[in-house]
Amino acid sequence: MNRQQVMHIGLDDTDSTKGGCTTYLAALLIEALEKFHVEFTDYPSLIRLNPNVPWKTRGNGALCLRFKYDDTFEEQIKDTATNLWEENSAIKEKGTDPGIVFLKRQEIPEELKVFAEKTETSIVTLKEAMALIKKFGVEACGFNSCRGIIGALAAVGETLTCDHTYELIAYRVPLNWGSKRKVDEASIFEMDKELQPYTFNNVDSEKRRVIITPRGPDPILFGIRGESPEIVKKAYGMVKPLEPVERYVIFRSNQGTDAHLKPVEALSKLEPYSSVIAKGVVSRNPRIVPLRHVIFSIKDDSAEVDCAAYEPTGSLRKIARDLIVGDNVEVYGAVHKPTQSKPLTINLEKISILNLAPKTVLENPLCSVCGKRLKSMGKNQGFRCEKCGAEYSDLTKKESALFRTLKAGLYVTSTRSQRHLTKPLRRYGLEKHHYEPKPMIEGWYSSLV
Ligand SMILES: [Zn+2]
């Protein structure tokens, strides 16, 4: 008697800087599994991991496929997945460490969920992953350093039961890989305008530039991110590709959810390679360093750290430049370890300005006779009016308040410099707090040529 089983396949780090793409492998695998009559129980997940790990490949994304299957096909399913993975992994490339894992069980163990969260926010070791693999009877395979096993396992563990988004990724025919992408840009601007706020990160409004098309030699033509499978599918219908689309898949993802950011209680608790939300008071005025980056310092009772707004952060850099000592802020970003020339630094993705300090200047007093601003006659020498000649020996400079153009509120880095995980302003208020599995929409993936 055949039995229905549930399998989760995790994949990571099969791409290299020279091309390839783990999502493409997932797309191929979805189609290859058709012949075993599997029933997908969720959209394939595209999980972005901690963007600050020093050894990441480009996007640091991992994937998971979840499905019911007939256990007579079990070995064939695993062979198919493993073979596809081997064929499509850049295993010969330095710095690419592909991993694949298989977990057979209905429910994801709590410990795997915790592991996934840790992989999104900080650094985990292969040893930790291997301990879980052993404990839960996961089958795993890796090449080179095998670090890809960490991501593959994390993708299985991340069930996206809290906030999540969707991305429809359309792929190019192999003939066009490496050449300039051809998509009607006006159709993308139109789609963005029509479907906002339910799709996001389509265009960079500061530079009026399309950002759904990547640049590298990978097979992706474009990816549309949004709040539901229906909306990204609708958006796909509005974008006009000017070259053939080979296939597309809708993924469920932690992109655009701030899943990488973890609040820290005190600045002394900041750890390199993590992404944090930290509160402090500006303790050193912003300074502009070469390449137009802006650096300022914040402190609390426990420590003082630098915050950096790099040039590509666009408007965020302009906001940072206007901060002054005493401003109360909450900063969001990646922690970089100190070097000989730089202290511990948070690379800003967002700033929330909680409270603005009063900005004052010291000014000479006004002439009480004619109202003109007085001239100083030298230190402690009093003041003199240049217009009417009156002299005042007992007056001192006066503090006066300056108007600050900066406003309290939340500021996010420019769209073009947002990380995959950064929650864009457009998503605020649209966050999901749970996940209700629903039947998957018709045509959530399709092979078109
Ligand atoms: Zn005067």
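The buried residues of helix 6 are covered by, among others, strand 8, strand 9 (203-204), strand 10 (209-210), strand 11 (220-226) and helix 7 (229-238). That's one spot in a predicted model of a protein with 449 residues, 52% of which count as buried.

**Overall picture**

- You're looking at 8 helices and 25 strands.
- Take the contacts with a separation of 6 or more: 72% of them come from residues 24 or more positions apart.
- The accessible surface is about 21600 Å², and carbon and sulfur atoms hold 51% of that.
- On the charge side, there are 65 positive and 58 negative side chains, with the centres of the two sets 8 Å apart.

- Which residues of helix 6 are buried? They are Ser 187, Ile 188, Phe 189, Met 191, Asp 192 and Leu 195.

**Salt bridges**

- How many salt bridges does a search of the whole structure find? The count is 30.
- One of them pairs Asp 42 with Arg 252, with 2.9 Å between the closest N and O atoms. This pair links distant parts of the chain, 210 residues apart: Asp 42 sits in the loop between strand 2 and strand 3 (45-48), and Arg 252 in strand 12 (residues 245-253).
- Both ends of that pair are tucked away: Asp 42 counts as buried because its relative accessibility is 10%, and Arg 252 is buried because its relative accessible area is 1%.
- Glu 243 and Arg 172 also meet through their side chains in a salt bridge, at 2.9 Å from N to O. Glu 243 is in the loop between helix 7 and strand 12 and Arg 172 is in strand 7, so this pair ties together parts 71 residues apart in sequence. Glu 243 and Arg 172 are both buried.
- Then there's Glu 363 with Arg 373, a salt bridge at 3.9 Å, N to O. With Glu 363 in strand 19 (residues 359-363) and Arg 373 in the loop between strand 19 and strand 20, the parts tied together are 10 residues apart in sequence.
- Are Glu 363 and Arg 373 buried or partly exposed? Glu 363 counts as partly exposed because its relative accessibility is 28%, and Arg 373 counts as partly exposed because its value is 40%.
- There's also a network: Glu 74, Glu 75, Lys 78, Lys 104 and Glu 139 are joined by salt bridges that share partners.

**A positive patch on the surface**

- Lys 180, Lys 182, Lys 207, Arg 209, Arg 215, Lys 318 and Arg 321 come together as a surface patch of positive charge.
- Lys 180, one of this group, counts as exposed because its relative accessibility is 71%.

**Backbone spots to check**

- As background, most residues other than glycine have a negative phi, and most peptide bonds are trans.
- Gln 196 and Pro 197 are joined by a cis peptide bond, with omega at about 0°.
- His 37 isn't a glycine, yet its phi is positive, about 55°. You'll find His 37 in the loop between helix 1 (22-32) and strand 2 (39-40), and it counts as exposed because its relative accessibility is 64%.
- Asn 380 isn't a glycine either, and its phi is also positive at about 55°. Asn 380 is in the loop between strand 20 (375-376) and strand 21 (383-384), and it is exposed because its relative accessible area is 76%.

Technical notes: Residues are numbered from 1 along each chain as its sequence is written. This is a predicted model: local features need pLDDT of at least 70, side-chain atom pairs count only at pLDDT 80 or more; totals for chains, interfaces and linings use all residues. Side-chain values use heavy atoms; hydrogens and water are left out. Patches are made of residues with over 30% relative accessible area and no salt bridge: like charges are joined within 9 Å, nonpolar side chains (Val, Leu, Ile, Met, Phe, Trp, Tyr) within 5 Å. Accessible areas come from the Shrake-Rupley method with a 1.4 Å probe; for residues, only the protein chains shown count as cover. A salt bridge is a side-chain nitrogen of Lys or Arg within 4 Å of a carboxyl oxygen of Asp or Glu. Lys and Arg count as positive and Asp and Glu as negative; His and the chain ends are not counted. The place of a charge is taken as NZ of Lys, CZ of Arg, CG of Asp or CD of Glu. Buried means under 20% relative accessible area, exposed over 50%, partly exposed in between (1.4 Å probe, protein chains only). Helices (H or I, at least four residues) and strands (E, at least two) are DSSP runs, numbered from the N terminus. Contact means heavy atoms within 4.5 Å.
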